[in-house]
Number of protein chains: 2
Amino acid sequence: MRIGELAALAGVSVRSLRYYEEQGLLTSTRSAGGQRHYTQDDVERVAFIQRLYTAGLSSRTVTELLPCLDSPSDENSDAAMERMAKERDRLSTHIEDLLRTRDALDVLMVAAQAHRDARQTAA
Amino acid sequence: MRIGELAALAGVSVRSLRYYEEQGLLTSTRSAGGQRHYTQDDVERVAFIQRLYTAGLSSRTVTELLPCLDSPSDENSDAAMERMAKERDRLSTHIEDLLRTRDALDVLMVAAQAHRDARQTAA
DNA sequence: CTTGCCTCTCACATTGATGTCAGGTTTTAG
DNA sequence: CTAAAACCTGACATCAATGTGAGAGGCAAG
């Protein structure tokens, strides 16, 4: 498929796909005319890239991790293993942080609701 | 206290504190010479701002929420209430997403480990 | 009063992912 | 074959938070 179709299927912009390629996260074969062609597998790959992005991983970090996804075979997995463990930790910490923040928001909301109720009672 | 001390206590840069003020997230009294002065409470406030930032809230959104923290009294809490509920939802969704991403990482790590073990056995 | 440190404002730089525009080429539909 | 639609490269723009540097002024200790 061409880049527009992949973009539609993966729900990202054409611009982003070109950027991913520029960053070495995604490869494509080229037609005689120079247009990029992708396979069905790339849809899932792009989705995974997106997932890592929204998890706060940088493009650079994703670049380090993806080889492991491609070929869990070389000794690059040694480095990737460490990287993944590290990112997993960071992710866990971040999740904990978000949970605490959500709790804090809940507290604020309860307070606001209490005030609202008080106003209601007064009216 | 002056800005440097607050920055140290809250663990943020002086630059950031000025930025927060510019964005209306933080206020300060000024000395005769024009220097900013803060109270002890501001330490907690800055920490809370940081918390919301790392939760992915934009400066603009935080601006809308903070009045509710300041005075849970006006009808601004009506708008703030809605905002908070919306952000809470967004946060929950994001947390779910991160959890799934962490699971995905775990799967990758298990695969990598399996390969490592296989190599170990072969050796 | 002077020296040194902290602060002030203003303004420009940075980072990362993406938007957008321009000018040109390829592919596809009719 | 031709026109429209999709694609190409390259470059500049954007946003948000923060860094950084210049030039000037405040403030406390000696």
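Which residues does S59(B) touch, not counting residues up to four places away in sequence? They are Y19(B), Q23(B), L25(B) and Y53(B), where contact means heavy atoms within 4.5 Å. S59(B) sits in helix 4 (residues 59–70) of chain B; helices here are DSSP runs of H or I with at least four residues, strands are runs of E with at least two, and both are numbered from the N terminus. With a relative accessible area of 11%, S59(B) is buried. Buried means under 20% relative accessible area, exposed means over 50%, and partly exposed is in between (1.4 Å probe, protein chains only).

A word on the ground rules. This is a predicted model, so local features need pLDDT of at least 70 and side-chain atom pairs count only at pLDDT 80 or more, while totals for chains, interfaces and linings use all residues. Residues are numbered from 1 along each chain as its sequence is written, chains are lettered from A and ligands numbered from 1 in the order in which they are written, and side-chain values use heavy atoms, with hydrogens and water left out.

Now look at DNA strand C. There are 22 residues around DNA strand C, and S13(A), Y19(A), S59(A), G4(B) and R36(B) come nearest; a residue is near a strand if one of its heavy atoms lies within 4 Å of it. Of the atoms of DNA strand C that come within 4 Å of the protein, 78% belong to sugar and phosphate. A base oxygen gets some attention too: a polar side-chain atom of R15(A) lies 3.2 Å from it. On the phosphate side, a polar side-chain atom of R30(B) is 3.1 Å from a phosphate oxygen, and a polar backbone atom of I3(B) is 3.5 Å from a phosphate oxygen. Helix 2 of chain A gives the most to this surface, with four residues. By type, the surface near DNA strand C has four nonpolar, 11 polar and seven charged residues. Nonpolar covers Ala, Val, Leu, Ile, Met, Phe, Trp, Tyr, Cys and Pro, charged covers Asp, Glu, Lys and Arg, and the others, Gly among them, are polar.

Next, the two protein chains. Their contact takes 39 residues from chain B and 39 residues from chain A. About 3,800 Å² is buried between them, and carbon and sulfur atoms give 68% of that; buried area is the accessible area (1.4 Å probe) that two parts lose on being put together, summed over both. Four salt bridges run between chain B and chain A, a salt bridge being a side-chain nitrogen of Lys or Arg within 4 Å of a carboxyl oxygen of Asp or Glu. In the one between D106(A) and R88(B), the closest N and O atoms are 2.5 Å apart. On the chain B side, helix 3 (41–54), helix 4 and helix 5 (76–122) each give two or more residues, with the largest share, 27 residues, coming from helix 5.

E21(B) and R36(B) meet at 3.1 Å, N to O. That pair links distant parts of the chain, 15 residues apart, with E21(B) in helix 2 and R36(B) in strand 2 (residues 36–37) of chain B. R100(B) pairs with D97(B) at 3.3 Å between the closest N and O atoms. At 44% relative accessibility R100(B) is partly exposed, whereas D97(B) is buried at 17%.

Methods
A polar contact is a pair of N or O atoms within 3.5 Å; within protein, one must be able to donate a hydrogen and the other to accept it, and residues adjacent in sequence count only if both atoms are side-chain atoms.
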